[in-house]
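Thanks for coming, everyone. I'll keep this short. Have a look at the model first, then I'll walk through it.

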Amino acid sequence: MKKLLAFILALGMVLALAACSGKDGQPASLSSASWEEIVDAAKGTTVTFYGWGGDEDRNNWLASVAAPYMKEHYDITLEVVGMNIDEILAKLAGEKEAGSASGSIDMIWINGENFYSAKENGLLYGAFLDKLPNTEAYIDTQDPETLNDFCMPIEGYEAPYGKAQLVLYNDSAVTPETPSSAQELLSYCQQYPGRVTYPALPDFTGSAFVRNIIYEICGWEQFQTMEADYDTVKSAVEPALDYLRSLNPYLWNQGRTFPDSSTTVDAMFADGELVMGMSYSPYGVSVGIENGVYTDTTRTFLFENGTIGNTNYMSIAFNAPNPAGAMVVINAMISAQLQLSQYEKLRNLPVVSPEKLSAEEKAAFDAVDMGEGVLSQDELLAHRLPEMPAKLVPVIEEIWLNEVVGK
Amino acid sequence: MRKKSLFSRLALGTAAACILLPVCLLVFWSVTARWSWPSLLPERWSLRTLRELFFGSQNLWQLLGSSVALGGAAAAVSTAIGLFAARAVALYDFPGKSLVRFAWLLPLLVPGPVFAVGIHLTLLRIGLADTISGVLLVHVTASLPYSAAILTDVTAALGGGLEEQAALLGANPVQAFFAGSLPGLMPGILSSLSMSFILSYSQYFTTLIVGGGRVKTLALTLVPYIQGGDRSLASSYALAFTGSALLVFVVFEAFIHRGRKGDGGI
């Protein structure tokens with residue numbers, strides 16, 4: 001038995017060594033390497049990009065635009081792996097526990113609470129944003145929204161990938177009104193009882209919707225510096241809880257239960273079961289109309305006081321086998337060219353700063369046709385509110401569960 | 001007799017409807033863009049998802065190839081180990097026999113996600129995480145309880161008599177097994193192969209965690225689309241998944257039929 005164990009362990013070590021030998025030719029220390037050296041070191045390597053794989057359009061864009069771009073310009077093979085962020089972090093935590101110095105994940109698509117916990121638990125590579133030439137060239141490095149991910153300073157640990165913003169949508173042929181405040185939403189729900197709802201928290205979109213209601217009723221400023229203490233938060237959001245409870249009798253299933261996810265709400269709207277929905281993709285409606293999922297009369301709208309917007313990011317894993325390659329890919333992702341392509345093909349709000357674009361680049365962004373039923377970028381950004389600190393998010397989700405559902 | 005046949009026909013029809021109706025719904029949804037209440041038929045049709053399935057970001061044939069190969073390998077390994085284990089338990093007596101029988105059911109007692117996360121740590125230490133061998137090992141662990149249980153029953157029912165007879169006639173143990181027992185074990189072997197294949201083919205979480213996303217299978221591509229809420233695309237992938245698994249079963253079945261004909265049947 002002992003012999004067998006020794007054999008298995010030896011075999012494991014040989015395999016581990018074989019796995020390690022594939023990453024020769026990297027500079028000993030990336031922190032002191034120049035950008036040219038990093039690009040050189042990344043030549044001919046493979047970079048793995050782990051992130052949510054449930055968006056067909058994004059998968060296609062990564063496979064048909066981003067990957068060929070990396071191959072052509074930097075001789076890097078970009079391998080995209082679809083995995084939920086929870087599983088990515090579980091995998092990294094496991095590797096950390098096992099003391100694995102070299103993992104399999106290079107880049108991660110991440111933000112918010114997940115960034116917070118990944119950074120706290122040492123699952124990320126470290127500061128790299130300042131090393132990327134395109135940070136200076138295209139990103140507004142003074143913009144507090146970019147520098148703070150759900151109020152957590154990013155400290156160069158991640159680079160912006162795209163912007164999201166909560167929007168509401170309905171069908172003008174079914175309901176002519178577009179409620180532009182929490183109060184109007186209440187009368188809208190009373191007018192169409194049982195046909196409005198929102199995803200059960202902790203769904204990403206449902207959680208943002210409830211935070212947006214809290215902003216509507218209680219204002220947003222006080223939350224930016226609030227302690228993540230249950231009682232403190234609860235007393236601050238009490239008026240919003242009252243509002244949400246007053247909404248319940250007019251919601252789908254009288255607010256006793258809520259749909260499990262935003263995708264269920266989208267589907268229920270498409271099926272005609274609901275008259276209104278909410279989404280974190282500000283241009284989701286135009287994609288839906290093009291695919292024939294939504295009717296042509298579906299349109300996007302916002303609350304007059306604004307809706308929550310946030311940025312999603314790319315980061316590097318603590319045990320990335322190819323951090324140099326990851327930096328090169330991330331640098332390319334924040335270039336005007338790939339951001340423009342994302343804006344065009346994925347209808348994703350770009351992260352590049354308009355002031356830093358050349359006249360030509362700016363014209364190219366302006367020329368993009370965003371399709372039917374959506375709002376302009378200027379309109380969205382003019383009604384954009386900052387996120388709450390990541391630590392408050394799970395507290396609010398718990399309060400909602402205790403104080404709103406079925407009450 | 002007539003009554004019984006009517007009843008059995010009814011039961012058969014109900015069972016068939018329970019299986020076929022959802023499949024029909026999948027076929028509809030795979031080419032549907034919008035199908036809202038109360039329309040009986042979809043309002044907008046679309047070939048978008050079929051285009052995505054065959055020419056999209058994922059290479060369907062590569063996915064099918066790797067999934068079927070992995071499932072086939074897991075089925076073969078699990079059935080081979082199950083066969084040896086079954087013979088040991090069914091034909092021989094040794095101390096701790098009931099302990100062995102219990103031990104191979106252990107993987108069924110531990111919930112899949114717990115097993116996956118735990119085994120991932122171990123495989124990381126021995127360098128098998130993120131490899132096909134590691135995933136194969138985990139799939140075999142998941143299907144072995146079924147293989148062993150099926151094959152133990154069949155082996156026990158057949159007994160060792162035919163092999164003893166063959167040995168008396170001068171056959172060596174290998175000849176005795178192949179000529180004596182194997183033909184009779186074939187139905188059990190087929191069940192074990194099919195069962196382990198489908199178990200491996202439908203593994204999602206274990207493949208994801210142990211394979212680290214580097215080992216790509218059809219199930220691994222299918223599940224994010226279901227979670228992502230794109231019903232049409234999920235239906236297309238589900239059809240490809242079910243269809244390909246059925247096709248493999250047909251091939252298994254054909255093999256066994258040919259084998260039985262060759263032996264003149266039992």
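Predicted model: local features only at pLDDT ≥ 70, side-chain atom pairs only at ≥ 80, totals over all residues.

**Two chains and their contact**

Let's start with chain B. Of its 266 residues, 38% count as buried. Chain B has 12 helices and 2 strands. Read from the N terminus, the elements go α-β-β-α-α-α-α-α-α-α-α-α-α-α. Along the principal axes, the C-alpha atoms of chain B fill a box of roughly 70 × 65 × 30 Å. Now the contacts in chain B between residues at least 6 apart in sequence. Of these, 70% join residues at least 24 apart.

One residue in chain B, then I move on. B:Gly159 sits in the loop between helix H7 (132–158) and helix H8 (161–168) of chain B.

Next, chain A. The secondary structure here comes to 17 helices and 11 strands. The C-alpha trace of chain A spans about 70 × 60 × 40 Å along its principal axes. Of the 407 residues of chain A, 46% count as buried. Take the contacts in chain A with a separation of 6 or more. Residues 24 or more positions apart account for 81% of them.

How do the chains meet? The contact takes 39 residues from chain A and 32 residues from chain B. On the side of chain A that touches chain B, five elements each supply at least two residues: helix H1 (2–20), helix H3 (56–74), strand E2 (77–82), helix H4 (85–97) and helix H11 (262–270). Which of them gives the largest share? That is H1(A), with 7 residues. By class, the side of chain A that touches chain B has 15 nonpolar, 15 polar and 9 charged residues.

Now helix packing inside chain A. I have two pairs.

Pair one is H3(A) with helix H13 (residues 323–333) of chain A. Their axes come within 11 Å and cross at roughly 115°. H3(A) and H13(A) therefore count as roughly perpendicular to each other. The crossing of H3(A) past H13(A) is right-handed. From H3(A), the contact uses A:Tyr69, A:Met70, A:His73 and A:Tyr74. From H13(A), it uses A:Val328, A:Val329 and A:Ala332. By class, the contact of H3(A) with H13(A) has 6 nonpolar residues, 1 polar and no charged ones.

Pair two is helix H9 (residues 204–218) with helix H17 (residues 392–403), both of chain A. They pack at an angle of about 85°, with their axes 11 Å apart. H9(A) and H17(A) are therefore roughly perpendicular to each other too. Which residues meet? A:Ser207, A:Val210 and A:Arg211 in H9(A) face A:Val393, A:Ile396, A:Glu397 and A:Trp400 in H17(A) in the contact. The contact of H9(A) with H17(A) divides into 4 nonpolar, 1 polar and 2 charged residues.

On to helix H5 (residues 112–120) of chain A. Its buried residues include A:Gly112, A:Glu113, A:Asn114, A:Phe115, A:Ala118 and A:Lys119. After H5(A) comes A:Gly122, with a positive phi near 70°.

Last, some backbone geometry in chain A. A:Leu201 and A:Pro202 are joined by a cis peptide bond, with omega about 10°. A:Pro202 lies in the loop between helix H8 (182–191) and H9 of chain A.

Then look at the loop between helix H10 (230–247) and H11 of chain A, where A:Asn253 is found. A:Asn253 is not a glycine, yet its phi is positive, about 60°. A:Gln254 is in the loop between H10 and H11 of chain A. A:Gln254 is not a glycine, and has a positive phi of about 50°. Are these residues buried or exposed? A:Asn253 is exposed, because 12 other C-beta atoms lie within 10 Å. A:Gln254 counts as exposed, with 12 C-beta neighbours inside 10 Å.

That's my tour. Over to you.

Conventions. Residues numbered from 1 in each chain as written. Chains lettered and ligands numbered in written order. Contact = placed C-beta atoms within 7 Å. Helix = DSSP H or I, 4+ residues; strand = E, 2+ residues; numbered from the N terminus. Nonpolar A, V, L, I, M, F, W, Y, C, P; charged D, E, K, R; others polar. Buried ≥ 20, exposed ≤ 12 C-beta atoms within 10 Å, placed from the backbone. Axes fitted to C-alpha atoms, helices over the stretch in contact; angles between N-to-C directions. Parallel < 35°, antiparallel > 145°, perpendicular 65-115°, else oblique. Left-handed = near helix turned anticlockwise from the far one by under 90°.
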